[in-house]
Amino acid sequence: MSRHPLPPAIGRTAPHPTPRRDRSPLPLRVGTRASPLALIQTRAFMARLVGFCPVLHAAEAFEEHAITTSGDRVQDRALAEIGGKGLFAKEIHEALADGRIDFAVHSLKDLETTLPEGIVLACCMTREDARDALVLGPRCGAPDPQDPFAAIPPGATVGTASVRRAAQLLHRRPDLRPALLRGNVGTRIAKVRAGEVDATFLAYAGLRRLGLEHEAAAVLDPTVMVPAAGQGIVGVTVRAADVELRDLLSGIEDAEAAAVSRAERAMLAALDGSCRTPIGGHAEIGADGALHLTGLVARADGSFLLKRAISGAPSEAEALGRTLGESLRRDSPADIFLP
Ligand SMILES: NCc1[nH]cc(CCC(=O)O)c1CC(=O)O
(Lines give C-alpha, C1' and ligand atoms only; values in the text may rest on other atoms or scores of the structure.)
Protein backbone atom coordinates (compact mmCIF):
# COMPACT_ATOMS: atom_id res chain seq x y z
CA MET A 1 0.00 0.00 0.00
CA SER A 2 1.37 3.41 -0.84
CA ARG A 3 1.29 6.01 1.88
CA HIS A 4 2.02 9.67 1.60
CA PRO A 5 2.87 11.93 4.49
CA LEU A 6 0.31 14.60 5.39
CA PRO A 7 1.17 18.05 4.10
CA PRO A 8 3.45 19.46 6.76
CA ALA A 9 2.11 22.01 9.22
CA ILE A 10 3.61 25.38 8.39
CA GLY A 11 6.34 26.63 10.68
CA ARG A 12 6.13 23.69 13.04
CA THR A 13 8.08 20.49 13.27
CA ALA A 14 7.08 17.46 15.24
CA PRO A 15 9.42 16.86 18.19
CA HIS A 16 9.41 13.14 17.40
CA PRO A 17 9.49 11.06 14.22
CA THR A 18 6.01 11.17 12.74
CA PRO A 19 4.36 7.76 12.85
CA ARG A 20 2.85 6.62 9.60
CA ARG A 21 -0.87 6.36 9.41
CA ASP A 22 -2.76 3.25 8.53
CA ARG A 23 -4.73 5.06 5.85
CA SER A 24 -3.98 7.22 2.89
CA PRO A 25 -3.64 10.79 4.26
CA LEU A 26 -5.90 12.59 1.80
CA PRO A 27 -8.70 13.34 1.62
CA LEU A 28 -9.12 14.37 5.23
CA ARG A 29 -12.56 13.10 6.16
CA VAL A 30 -14.40 15.54 8.39
CA GLY A 31 -17.46 14.48 10.33
CA THR A 32 -20.21 16.80 11.50
CA ARG A 33 -23.85 16.86 12.40
CA ALA A 34 -26.12 17.54 9.46
CA SER A 35 -27.75 20.79 10.63
CA PRO A 36 -27.17 24.01 8.66
CA LEU A 37 -25.31 25.47 11.65
CA ALA A 38 -23.05 22.42 11.97
CA LEU A 39 -22.21 22.55 8.25
CA ILE A 40 -21.43 26.28 8.37
CA GLN A 41 -19.15 25.74 11.36
CA THR A 42 -17.45 22.81 9.65
CA ARG A 43 -16.77 24.76 6.47
CA ALA A 44 -15.44 27.73 8.43
CA PHE A 45 -13.09 25.37 10.24
CA MET A 46 -11.91 23.80 6.95
CA ALA A 47 -11.30 27.28 5.50
CA ARG A 48 -9.23 28.14 8.56
CA LEU A 49 -7.21 24.95 8.17
CA VAL A 50 -6.59 25.67 4.48
CA GLY A 51 -5.48 29.20 5.38
CA PHE A 52 -2.94 27.69 7.75
CA CYS A 53 -1.89 24.85 5.47
CA PRO A 54 -2.38 25.94 1.81
CA VAL A 55 -1.46 22.49 0.50
CA LEU A 56 -4.97 21.53 1.56
CA HIS A 57 -6.47 24.01 -0.87
CA ALA A 58 -7.14 21.31 -3.47
CA ALA A 59 -10.80 20.45 -3.93
CA GLU A 60 -10.06 16.81 -3.15
CA ALA A 61 -8.29 17.57 0.15
CA PHE A 62 -11.45 17.25 2.27
CA GLU A 63 -14.43 14.97 2.38
CA GLU A 64 -17.42 16.14 4.38
CA HIS A 65 -19.51 13.54 6.21
CA ALA A 66 -22.80 14.79 7.65
CA ILE A 67 -23.82 12.33 10.35
CA THR A 68 -27.34 12.14 11.78
CA THR A 69 -27.06 11.55 15.52
CA SER A 70 -29.49 10.04 18.05
CA GLY A 71 -30.04 13.55 19.39
CA ASP A 72 -31.13 14.76 15.95
CA ARG A 73 -33.65 11.94 15.56
CA VAL A 74 -35.50 12.63 18.80
CA GLN A 75 -37.33 15.92 18.40
CA ASP A 76 -40.34 15.51 20.62
CA ARG A 77 -38.92 14.90 24.07
CA ALA A 78 -36.68 16.91 26.35
CA LEU A 79 -33.08 15.87 25.95
CA ALA A 80 -32.86 15.24 29.67
CA GLU A 81 -35.43 12.46 29.30
CA ILE A 82 -33.60 10.64 26.56
CA GLY A 83 -30.10 10.51 27.89
CA GLY A 84 -28.61 13.94 27.54
CA LYS A 85 -26.00 15.70 25.56
CA GLY A 86 -23.80 12.76 24.69
CA LEU A 87 -26.47 11.80 22.18
CA PHE A 88 -25.44 14.53 19.79
CA ALA A 89 -21.95 13.17 19.47
CA LYS A 90 -22.28 9.41 19.96
CA GLU A 91 -22.41 8.40 16.29
CA ILE A 92 -19.71 10.94 15.45
CA HIS A 93 -17.37 9.50 18.10
CA GLU A 94 -18.06 6.03 16.71
CA ALA A 95 -17.23 7.10 13.16
CA LEU A 96 -13.98 8.61 14.44
CA ALA A 97 -13.04 5.56 16.50
CA ASP A 98 -13.80 3.23 13.57
CA GLY A 99 -11.63 5.30 11.23
CA ARG A 100 -14.53 6.27 8.96
CA ILE A 101 -13.71 9.94 9.54
CA ASP A 102 -10.45 11.61 10.60
CA PHE A 103 -11.76 14.50 12.62
CA ALA A 104 -15.06 15.88 13.79
CA VAL A 105 -16.30 19.42 14.24
CA HIS A 106 -18.55 20.10 17.25
CA SER A 107 -20.30 22.95 19.01
CA LEU A 108 -18.27 22.64 22.18
CA LYS A 109 -21.29 23.15 24.40
CA ASP A 110 -22.84 19.96 23.01
CA LEU A 111 -19.71 17.91 23.65
CA GLU A 112 -19.64 15.92 26.89
CA THR A 113 -16.81 16.76 29.31
CA THR A 114 -15.47 13.20 29.43
CA LEU A 115 -14.82 11.97 25.91
CA PRO A 116 -14.71 8.27 25.02
CA GLU A 117 -11.36 6.52 25.42
CA GLY A 118 -9.10 7.19 22.43
CA ILE A 119 -10.79 10.46 21.39
CA VAL A 120 -9.38 13.87 22.28
CA LEU A 121 -10.37 17.48 21.83
CA ALA A 122 -7.48 18.63 19.65
CA CYS A 123 -8.37 22.24 19.00
CA CYS A 124 -10.72 25.07 19.97
CA MET A 125 -11.49 27.71 17.37
CA THR A 126 -11.77 31.42 18.17
CA ARG A 127 -14.91 32.04 20.20
CA GLU A 128 -17.92 33.62 18.54
CA ASP A 129 -20.14 35.64 20.88
CA ALA A 130 -20.80 33.52 24.00
CA ARG A 131 -24.07 35.26 24.94
CA ASP A 132 -27.65 34.09 24.70
CA ALA A 133 -30.11 36.01 22.58
CA LEU A 134 -33.81 36.54 23.27
CA VAL A 135 -36.19 36.03 20.38
CA LEU A 136 -39.65 37.57 20.87
CA GLY A 137 -42.93 36.60 19.22
CA PRO A 138 -45.98 38.66 18.20
CA ARG A 139 -47.49 38.86 21.72
CA CYS A 140 -44.37 40.52 23.19
CA GLY A 141 -43.63 44.21 23.48
CA ALA A 142 -40.52 46.08 22.35
CA PRO A 143 -37.48 45.02 24.36
CA ASP A 144 -36.08 47.41 26.97
CA PRO A 145 -32.27 47.08 26.91
CA GLN A 146 -32.21 47.68 30.69
CA ASP A 147 -34.72 44.90 31.35
CA PRO A 148 -34.99 42.56 28.36
CA PHE A 149 -37.45 40.14 30.04
CA ALA A 150 -39.98 42.94 30.64
CA ALA A 151 -41.15 42.63 27.02
CA ILE A 152 -42.57 39.16 27.72
CA PRO A 153 -46.22 39.45 28.87
CA PRO A 154 -47.27 37.93 32.22
CA GLY A 155 -47.96 34.21 32.07
CA ALA A 156 -46.52 33.85 28.57
CA THR A 157 -44.91 30.64 27.31
CA VAL A 158 -41.18 30.62 26.66
CA GLY A 159 -39.95 27.79 24.48
CA THR A 160 -36.68 26.23 25.49
CA ALA A 161 -35.30 22.75 25.97
CA SER A 162 -32.51 24.24 28.07
CA VAL A 163 -32.91 23.84 31.84
CA ARG A 164 -30.15 26.42 32.26
CA ARG A 165 -32.08 29.11 30.37
CA ALA A 166 -35.44 28.18 31.91
CA ALA A 167 -34.10 28.30 35.48
CA GLN A 168 -32.44 31.69 35.06
CA LEU A 169 -35.56 33.12 33.45
CA LEU A 170 -37.93 31.68 36.07
CA HIS A 171 -35.73 33.00 38.87
CA ARG A 172 -36.59 36.52 37.67
CA ARG A 173 -40.01 35.81 36.15
CA PRO A 174 -41.73 32.98 38.03
CA ASP A 175 -44.97 33.83 36.21
CA LEU A 176 -43.67 32.57 32.86
CA ARG A 177 -44.30 29.06 31.60
CA PRO A 178 -41.47 27.12 29.97
CA ALA A 179 -42.53 25.02 26.99
CA LEU A 180 -40.51 22.50 25.07
CA LEU A 181 -39.15 23.86 21.81
CA ARG A 182 -36.70 21.86 19.77
CA GLY A 183 -35.51 21.68 16.20
CA ASN A 184 -32.93 23.60 14.22
CA VAL A 185 -32.42 27.29 14.85
CA GLY A 186 -34.54 28.20 11.80
CA THR A 187 -37.39 25.93 12.90
CA ARG A 188 -37.43 27.44 16.37
CA ILE A 189 -37.55 31.01 15.07
CA ALA A 190 -40.43 30.06 12.76
CA LYS A 191 -42.36 28.59 15.70
CA VAL A 192 -41.94 31.80 17.72
CA ARG A 193 -43.05 33.89 14.76
CA ALA A 194 -46.11 31.69 14.34
CA GLY A 195 -46.99 32.26 18.00
CA GLU A 196 -46.57 28.60 18.96
CA VAL A 197 -44.60 29.97 21.93
CA ASP A 198 -44.27 33.63 22.91
CA ALA A 199 -40.49 33.84 23.12
CA THR A 200 -37.35 31.75 23.07
CA PHE A 201 -33.63 31.90 23.69
CA LEU A 202 -30.96 31.03 21.16
CA ALA A 203 -27.19 31.23 21.27
CA TYR A 204 -26.24 34.53 19.62
CA ALA A 205 -23.24 32.73 18.09
CA GLY A 206 -25.54 30.42 16.16
CA LEU A 207 -27.69 33.31 14.94
CA ARG A 208 -24.60 35.17 13.76
CA ARG A 209 -23.12 32.18 11.98
CA LEU A 210 -26.42 31.67 10.18
CA GLY A 211 -26.74 35.37 9.32
CA LEU A 212 -29.86 35.59 11.51
CA GLU A 213 -28.58 38.04 14.15
CA HIS A 214 -31.45 40.43 13.27
CA GLU A 215 -33.82 37.86 14.84
CA ALA A 216 -32.41 38.68 18.29
CA ALA A 217 -34.64 41.21 20.07
CA ALA A 218 -31.97 41.45 22.79
CA VAL A 219 -28.57 39.96 23.44
CA LEU A 220 -28.29 39.07 27.09
CA ASP A 221 -25.30 40.13 29.13
CA PRO A 222 -23.71 37.16 30.95
CA THR A 223 -24.68 38.87 34.21
CA VAL A 224 -28.34 38.50 33.17
CA MET A 225 -28.08 35.02 31.65
CA VAL A 226 -24.93 32.99 32.31
CA PRO A 227 -24.18 31.14 29.03
CA ALA A 228 -23.47 27.42 28.77
CA ALA A 229 -19.90 26.17 29.14
CA GLY A 230 -18.33 26.22 25.69
CA GLN A 231 -21.10 28.26 24.07
CA GLY A 232 -19.88 29.99 20.90
CA ILE A 233 -16.78 27.80 20.59
CA VAL A 234 -16.25 25.21 17.86
CA GLY A 235 -14.08 22.30 18.95
CA VAL A 236 -12.44 19.60 16.86
CA THR A 237 -11.96 16.01 18.01
CA VAL A 238 -9.53 13.45 16.60
CA ARG A 239 -8.27 9.97 17.51
CA ALA A 240 -5.77 10.34 20.35
CA ALA A 241 -3.31 8.20 18.39
CA ASP A 242 -3.42 10.50 15.36
CA VAL A 243 -0.37 12.57 16.29
CA GLU A 244 0.01 14.09 12.85
CA LEU A 245 -3.49 15.50 12.79
CA ARG A 246 -3.23 16.61 16.43
CA ASP A 247 -0.06 18.47 15.57
CA LEU A 248 -1.64 20.11 12.53
CA LEU A 249 -4.71 21.18 14.53
CA SER A 250 -2.66 22.58 17.39
CA GLY A 251 -1.37 25.09 14.82
CA ILE A 252 -4.79 26.70 14.44
CA GLU A 253 -5.91 26.51 18.06
CA ASP A 254 -6.97 29.82 19.61
CA ALA A 255 -5.08 30.04 22.91
CA GLU A 256 -7.73 32.21 24.55
CA ALA A 257 -10.61 29.95 23.50
CA ALA A 258 -8.60 26.96 24.71
CA ALA A 259 -8.05 28.55 28.14
CA VAL A 260 -11.64 29.72 28.69
CA SER A 261 -13.06 26.40 27.49
CA ARG A 262 -10.73 24.49 29.84
CA ALA A 263 -11.97 26.58 32.77
CA GLU A 264 -15.65 26.25 31.83
CA ARG A 265 -15.46 22.52 31.12
CA ALA A 266 -13.44 21.76 34.27
CA MET A 267 -16.11 23.58 36.29
CA LEU A 268 -18.84 21.56 34.58
CA ALA A 269 -16.98 18.31 35.19
CA ALA A 270 -16.42 19.12 38.90
CA LEU A 271 -20.12 19.91 39.36
CA ASP A 272 -20.93 16.50 37.96
CA GLY A 273 -24.54 17.51 37.39
CA SER A 274 -27.04 15.48 35.45
CA CYS A 275 -28.40 16.94 32.24
CA ARG A 276 -31.41 18.04 34.33
CA THR A 277 -29.15 20.29 36.42
CA PRO A 278 -29.22 23.92 35.31
CA ILE A 279 -25.54 24.91 35.06
CA GLY A 280 -23.99 27.98 33.48
CA GLY A 281 -20.30 28.65 33.00
CA HIS A 282 -18.63 31.59 31.35
CA ALA A 283 -14.97 32.65 31.32
CA GLU A 284 -13.23 35.64 29.81
CA ILE A 285 -9.67 36.89 29.66
CA GLY A 286 -9.77 40.43 31.05
CA ALA A 287 -7.74 43.46 30.01
CA ASP A 288 -5.53 42.55 32.98
CA GLY A 289 -4.67 39.24 31.30
CA ALA A 290 -6.38 37.25 34.05
CA LEU A 291 -9.02 34.62 33.48
CA HIS A 292 -12.39 35.46 35.07
CA LEU A 293 -14.78 32.55 35.42
CA THR A 294 -18.42 32.82 36.48
CA GLY A 295 -20.37 29.72 37.39
CA LEU A 296 -24.05 29.21 38.10
CA VAL A 297 -26.11 26.38 39.55
CA ALA A 298 -29.87 26.55 39.90
CA ARG A 299 -32.95 24.47 40.52
CA ALA A 300 -34.97 23.91 37.35
CA ASP A 301 -37.91 26.00 38.62
CA GLY A 302 -35.63 28.93 39.51
CA SER A 303 -36.43 28.66 43.24
CA PHE A 304 -32.72 28.29 44.00
CA LEU A 305 -29.90 30.04 42.16
CA LEU A 306 -26.25 30.33 43.16
CA LYS A 307 -23.72 32.30 41.16
CA ARG A 308 -20.03 32.65 41.99
CA ALA A 309 -16.88 33.91 40.28
CA ILE A 310 -13.18 33.17 40.47
CA SER A 311 -10.13 34.73 38.79
CA GLY A 312 -6.57 33.66 38.19
CA ALA A 313 -3.89 32.96 35.60
CA PRO A 314 -5.08 31.45 32.28
CA SER A 315 -2.44 28.75 32.74
CA GLU A 316 -4.41 27.65 35.83
CA ALA A 317 -7.69 27.46 33.91
CA GLU A 318 -8.48 23.89 34.83
CA ALA A 319 -7.71 24.30 38.53
CA LEU A 320 -9.83 27.47 38.65
CA GLY A 321 -12.72 25.65 37.02
CA ARG A 322 -12.43 22.69 39.37
CA THR A 323 -12.25 24.93 42.45
CA LEU A 324 -15.29 26.95 41.40
CA GLY A 325 -17.26 23.83 40.51
CA GLU A 326 -16.50 22.20 43.86
CA SER A 327 -17.46 25.36 45.73
CA LEU A 328 -20.79 25.64 43.88
CA ARG A 329 -21.52 21.99 44.46
CA ARG A 330 -20.74 22.19 48.17
CA ASP A 331 -23.16 25.06 48.74
CA SER A 332 -26.07 23.86 46.61
CA PRO A 333 -28.91 21.59 47.79
CA ALA A 334 -28.27 17.97 46.86
CA ASP A 335 -31.62 17.48 45.06
CA ILE A 336 -30.37 19.69 42.22
CA PHE A 337 -27.78 17.10 41.22
CA LEU A 338 -30.03 14.05 41.27
CA PRO A 339 -30.38 12.36 37.88
N1 LIG B 1 -27.84 22.99 21.78
C2 LIG B 1 -27.86 23.32 20.39
C3 LIG B 1 -26.78 24.29 20.05
N4 LIG B 1 -25.49 23.94 20.13
C5 LIG B 1 -24.73 25.02 19.78
C6 LIG B 1 -25.58 26.06 19.47
C7 LIG B 1 -25.20 27.41 19.07
C8 LIG B 1 -23.76 27.63 18.69
C9 LIG B 1 -22.80 27.67 19.83
O10 LIG B 1 -23.16 27.73 21.02
O11 LIG B 1 -21.59 27.63 19.53
C12 LIG B 1 -26.90 25.59 19.61
C13 LIG B 1 -28.14 26.33 19.36
C14 LIG B 1 -28.57 27.21 20.49
O15 LIG B 1 -28.31 26.91 21.67
O16 LIG B 1 -29.24 28.21 20.23
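A: Helix α9 is mostly covered, with 13 of its 17 residues buried. A residue is buried if 20 or more other C-beta atoms lie within 10 Å of its own, exposed if 12 or fewer, and partly exposed in between, with C-beta atoms placed from the backbone. Helices (H or I, at least four residues) and strands (E, at least two) are DSSP runs, numbered from the N terminus. Residues are numbered from 1 along each chain as its sequence is written. This is a predicted model: local features need pLDDT of at least 70, side-chain atom pairs count only at pLDDT 80 or more, and totals for chains, interfaces and linings use all residues.

Q: How many helices and strands are there in the protein chain, and what percentage of its residues is buried?
A: The protein chain has ten helices and 13 strands. Of its 339 residues, 41% are buried. Two residues are in contact if their C-beta atoms, placed from the backbone, lie within 7 Å. Among contacts in the protein chain with a separation of 6 or more, 70% join residues 24 or more positions apart.

Q: What span does α9 reach from its first C-alpha to its last?
A: The expected span of a helix is 1.5 Å times one less than its number of residues. The 17 residues of α9 reach 24 Å, close to the 24 Å expected.

Q: Which residues have the most contacts inside the largest nonpolar core?
A: In soluble globular proteins, nonpolar side chains tend to be buried together. A nonpolar core is a set of buried Ala, Val, Leu, Ile, Met, Phe, Trp, Tyr and Cys residues joined through C-beta atoms within 7 Å. Here the largest has 82 residues, and A133, L134, V135, V236, A263 and M267 have the most contacts inside it. Helix α9 (residues 255-271) gives this core its largest share, nine residues. As for V236, leaving out residues up to four places away in sequence, it touches F45, F103, A104, V105, A122, C123 and L249.

Q: Where around the axis of α10 do its buried residues fall?
A: The arc is that of the directions from the helix axis to the C-beta atoms. The buried residues in α10 are A317, L320, G321, L324, G325, L328 and R329. They fall within an arc of 160 degrees seen down the axis, so they line one face of the helix. They pack against α9, β12 (291-298) and β13 (305-312).

Q: Which residues of α6 are buried, and which exposed residues does the face turned away carry?
A: In helix α6 (residues 185-193), V185, R188, I189 and V192 are buried. They cover an arc of only 100 degrees around the axis, which puts them on the same side of α6. The face turned away from that side carries the exposed residues T187 and A190. The cover over the buried residues of α6 includes α1 (36-52), β5 (132-136), β6 (157-159), β8 and α7. Just after α6, G195 takes a positive phi of about 80 degrees.

Q: Which residues are around the ligand?
A: A residue is near a molecule or strand if its C-beta atom, placed from the backbone, lies within 6 Å of it. The residues around the ligand are S107, K109, D110, V185, L202, A203, A205, G206, Q231 and G232. At least two residues of this shell come from each of β8 (199-203) and α7 (204-209). Ala, Val, Leu, Ile, Met, Phe, Trp, Tyr, Cys and Pro count as nonpolar, Asp, Glu, Lys and Arg as charged, and the others, Gly among them, as polar. On that basis the shell divides into four nonpolar, four polar and two charged residues.

Q: Is M225 buried or exposed?
A: M225 counts as buried because it has 24 C-beta neighbours inside 10 Å. M225 is found in the loop between β9 (218-220) and β10 (234-239). Not counting residues up to four places away in sequence, M225 touches D132, R165, Q168 and L220.
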